[in-house]
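Here is a short briefing to read beside the model. Keep the sequence and the 3D view open as you go.

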Amino acid sequence: MKYLRYSHNNEIHYGILEDDRIYELTGDIFSDIRKTGRVVPLHEARLLSPCTPSKIVCIGLNYRDHAEELKIPIPDSPVVFLKPSSSVIGPLDDIIYPEISRRVDYEAELGAVIKKTAKNVPLSQAMDYVLGFTCANDVTARDLQPTNGQWTVAKSFDTFMPLGPVITDEVDCTNLNIRSRLNGKVMQSSNTCNLIFKVDFLVSYLSRIMTLYPGDVIITGTPGGIAPMHPGDVIEIEIENIGILRNTVKKA
Ligand code: MG
């Protein structure tokens with residue numbers, strides 16, 4: 001299924017997308033899925049971030065070529081950092097270019113959305129804890145990101161975590177083409193088969209560090225080809241069979 005979150009007539013709902021129609025759900029997408037019977041045409045809804053994570057757990061340097069372009073050695077355990085919930089925006093929102101940065105980059109990433117509370121999950125059961133997958137853009141103030149040290153400032157500005165447009169459980173996360181386009185030009189192009197640490201490993205590994213809650217998102221790292229964006233640019237993150245996450249960069 002393809003899940004989304006949207007506002008319509010000043011109300012916010014979760015829904016299921018089928019053939020450009022949204023089937024409104026009662027409650028959220030993390031318990032029993034129940035349709036209310038109301039259907040909204042996709043073009044009448046305003047799409048929001050498809051979930052509201054309590055935290056976004058991010059994996060750095062999870063594609064070999066990206067570690068090489070940053071001139072950082074390939075890690076032998078995952079590089080983990082967090083983005084705050086306040087950085088999340090949806091597919092129709094703008095990325096606000098912070099006044100204190102001189103270089104803001106896109107990073108196309110596969111996002112895995114947690115389905116149920118996960119703590120100390122064995123590797124063999126890890127995928128039972130994943131609701132589905134979404135497109136993510138790990139927006140980064142590159143000039144504020146030290147190569148060895150805290151990345152929090154560089155990664156945490158409001159609007160630096162675009163997610164969407166949908167969460168889908170209809171894909172094989174180990175083999176998905178992933179791409180970014182800046183003003184229509186392809187900048188990154190890879191496949192999730194190139195991930196150094198895979199989704200099931202990450203869910204299990206992270207759940208031994210912190211409890212993962214329904215709606216939390218693990219973003220799995222970006223392939224090579226990062227570059228800066230500027231106010232006025234349109235950045236698209238496209239993942240095969242998930243969709244296109246498109247945001248515009250605006251001056252603060
Ligand atoms: Mg990243």
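The points below cover a metal site, a sheet and a helix. The model is predicted.

**Metal site**
- The magnesium ion has three kinds of entry to look up: its protein donors are Glu 107 (OE), Glu 109 (OE) and Asp 138 (OD).
- These donors lie 2.0 to 2.1 Å from the magnesium ion.
- Along the chain, the donors follow the spacing E-x1-E-x28-D.
- Glu 107 is buried, because its relative accessible area is 3%, and buried means under 20%.
- Glu 109 is also buried, with a relative accessibility of 0%.

**Open sheet**
- Five strands form an open sheet with mixed pairing, in the order β9-β20-β19-β15-β16.
- The edges are β9 (94-97) and β16 (185-191). Each has a single partner strand, so one side of each lacks a neighbour in the sheet.
- From one strand to the next, the twist averages 20°.
- Strands of a sheet pair through backbone hydrogen bonds, either parallel or antiparallel.
- β15 (residues 177-182) pairs with β16 in the antiparallel sense, over six bridges.
- Arg 181 stands opposite Val 186 in β16.

**Helix α3**
- Helix α3 spans residues 199-207.
- Its buried residues are Val 199, Leu 202, Val 203, Ser 204, Leu 206 and Ser 207.
- An α-helix has 3.6 residues a turn, so residues three or four places apart point the same way.
- The cover over the buried residues of α3 includes strands β6 (56-60), β7 (79-83) and β11 (108-114). It also includes β12 (130-137) and β17 (217-219).

Definitions and conventions
Residues are numbered from 1 along each chain as its sequence is written. This is a predicted model: local features need pLDDT of at least 70, side-chain atom pairs count only at pLDDT 80 or more; totals for chains, interfaces and linings use all residues. Side-chain values use heavy atoms; hydrogens and water are left out. Donors are N, O and S atoms within 2.8 Å of the metal (3.2 Å for Na, K and Ca); water is not among the atoms, so sites may look incomplete. Buried means under 20% relative accessible area, exposed over 50%, partly exposed in between (1.4 Å probe, protein chains only). Two strands pair if DSSP finds at least two bridges between them. Helices (H or I, at least four residues) and strands (E, at least two) are DSSP runs, numbered from the N terminus. Axes are lines fitted to C-alpha atoms, for helices over the stretch in contact, and angles run from 0 to 180 degrees between N-to-C directions. Contact means heavy atoms within 4.5 Å.
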